[in-house]
Amino acid sequence: MIAVTRLNGSRFAVNPDLIERIQENPDTTLVMVGGATYVVREGLPEVIALIADFRALVIATAQHVVPGELRQLSVVPSPSPSPSPSPSPTPLRPTER
């Protein structure tokens, strides 16, 4: 998925494999294979770069996949991790008799 921005500022992700064409006149419009259209803030070259980056990520990830290991692909930056909680105290061992 690639993340793009509607004209009202809201972000959404779209499957680049379902984009039939991209029009720029003057707004950039993604025309999907099912006929849906999305007008986005990003320009034509930027959308093409997002698609190229996503496909490169898919190929690079596929080259490093270990069978049975799950991976998550994302071109959308992950939210910054929240501060880790304080480590829990080490459990006490039972005394030996």
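1. The accessible surface of the protein chain amounts to about 7,700 Å², and 56% of that area belongs to carbon and sulfur atoms. The model under discussion is a predicted one, and the values in the points that follow should be read with that in mind.

2. Of the 97 residues in the protein chain, 21% are buried. As for contacts in the protein chain between residues at least 6 apart in sequence, 34% of them join residues at least 24 apart.

3. Helix H1, which covers residues 44–63 and so counts 20 residues, deserves a point of its own. From the first C-alpha of H1 to its last the helix reaches 29 Å, which is close to the 28 Å expected at 1.5 Å a residue.

4. Which residues of H1 are buried? They are Val47, Ile51, Phe54 and Thr61, and, because the buried residues of H1 fall within an arc of 100° when seen down the helix axis, they line one face of the helix. On the other side of H1, by contrast, Pro45, Asp53, Ile59 and Gln63 are exposed.

Notes. Residues are numbered from 1 along each chain as its sequence is written. This is a predicted model: local features need pLDDT of at least 70, side-chain atom pairs count only at pLDDT 80 or more; totals for chains, interfaces and linings use all residues. Side-chain values use heavy atoms; hydrogens and water are left out. Buried means under 20% relative accessible area, exposed over 50%, partly exposed in between (1.4 Å probe, protein chains only). Contact means heavy atoms within 4.5 Å. Accessible areas come from the Shrake-Rupley method with a 1.4 Å probe; for residues, only the protein chains shown count as cover. Helices (H or I, at least four residues) and strands (E, at least two) are DSSP runs, numbered from the N terminus. The expected span of a helix is 1.5 Å times one less than its number of residues. The arc is that of the directions from the helix axis to the C-beta atoms.
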